[in-house]
Amino acid sequence: MIYLLARFLLRPLFLLCRPRVIGKENVPASGPFIIASNHLSFIDSMAIPLMSPRRVGYLAKAEYFTGSGVRGWLVRTLFTALGALPVERETHRAAQAALDTALGVLREGGGFGIYPEGTRSRDGRLARGKTGVAWLALTADCPVVPVGVIGTDRIQPVGATWPWPRRFSIIFGEPMTFPEHRGKAGNGRARREVTDRIMVAIAELSGQEKAGWDAPDEAA
């Protein structure tokens, strides 16, 4: 009920930005799915769930739930209403704990959103993805919907306190599955291949220049 109320109240505010939303039919109508997107702004974790035809859960820094003042209350209320899940980023095993939380959402048949880059882009370019997205997709054995977000960095640039209405686009790509790698979540080479394929799809949707894609592979 809180989620539906949040959509009812917040979606009109985002519509003031005249968003261009393409490919909503690519989001599976039922069953678990992963939204894998580029990341340009703090706003992304609200814009994507509000424009998606199905609920999408996101991990959010625990600090977003502990802020003070009016802004802290607003951020905490928005993220809670949209179903965001707080995660401690600096604790031991934080990365795996975050993936385990995401896996729980998927095993309940829900949708989960992840930014394979791991952080917001500071220069507008698309960094090489971390392989957690592949581990999640192969472990849950569910489709990945690549998403390209364009223009949200102009709504709330890095460092800006408040958002401003600017037009943005969200493009949902065709779902991706990886049957040839089923059961290989523990294989580093398979995770890297799946992650790179997802990132190529995101790059095609977002139109971003690639950055750091020649870096050494992550350890298996």
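This is a predicted model: local features need pLDDT of at least 70, side-chain atom pairs count only at pLDDT 80 or more; totals for chains, interfaces and linings use all residues.
1. The strands form an open sheet of seven, in the order β1-β8-β7-β2-β5-β3-β4 and with mixed pairing. At the edges stand β1 (20–22) and β4 (85–87), and because each has a single partner strand, one side of each is left without a neighbour in the sheet. From one strand to the next, the twist averages 25 degrees.

2. Helix α4 lies across β2, β3, β4 and β5, and its direction makes an angle of about 150 degrees with β5.

3. Helix α5 (residues 132–140) is largely enclosed by the rest of the structure, because seven of its nine residues are buried. The buried residues are Val 133, Ala 134, Trp 135, Leu 136, Ala 137, Leu 138 and Ala 140, and what covers them includes the strands β2 (33–37), β5 (111–114) and β7 (144–150) together with the helices α4 (94–107) and α7 (188–206). After α5 comes Asp 141, which has a positive phi, near 50 degrees.

4. The second largest pocket holds about 420 Å³ of space. It is lined by 19 residues, of which Leu 13, Phe 14, Ile 43, Leu 78 and Pro 163 are the closest to its centre. By class, the lining comprises 16 nonpolar, two polar and one charged residues.

Key. Residues are numbered from 1 along each chain as its sequence is written. Side-chain values use heavy atoms; hydrogens and water are left out. Buried means under 20% relative accessible area, exposed over 50%, partly exposed in between (1.4 Å probe, protein chains only). Helices (H or I, at least four residues) and strands (E, at least two) are DSSP runs, numbered from the N terminus. Contact means heavy atoms within 4.5 Å. On a 1 Å grid over the protein atoms alone, a cavity is a set of points where a 1.4 Å probe fits but cannot get out, and a pocket is an open set with protein on both sides within 12 Å along at least five of seven lines; lining residues have an atom within 4 Å of a point. Grid points are joined across faces, edges and corners, and a volume is the space filled by probe spheres set on the points. Ala, Val, Leu, Ile, Met, Phe, Trp, Tyr, Cys and Pro count as nonpolar, Asp, Glu, Lys and Arg as charged, and the others, Gly among them, as polar. Two strands pair if DSSP finds at least two bridges between them. Axes are lines fitted to C-alpha atoms, for helices over the stretch in contact, and angles run from 0 to 180 degrees between N-to-C directions.
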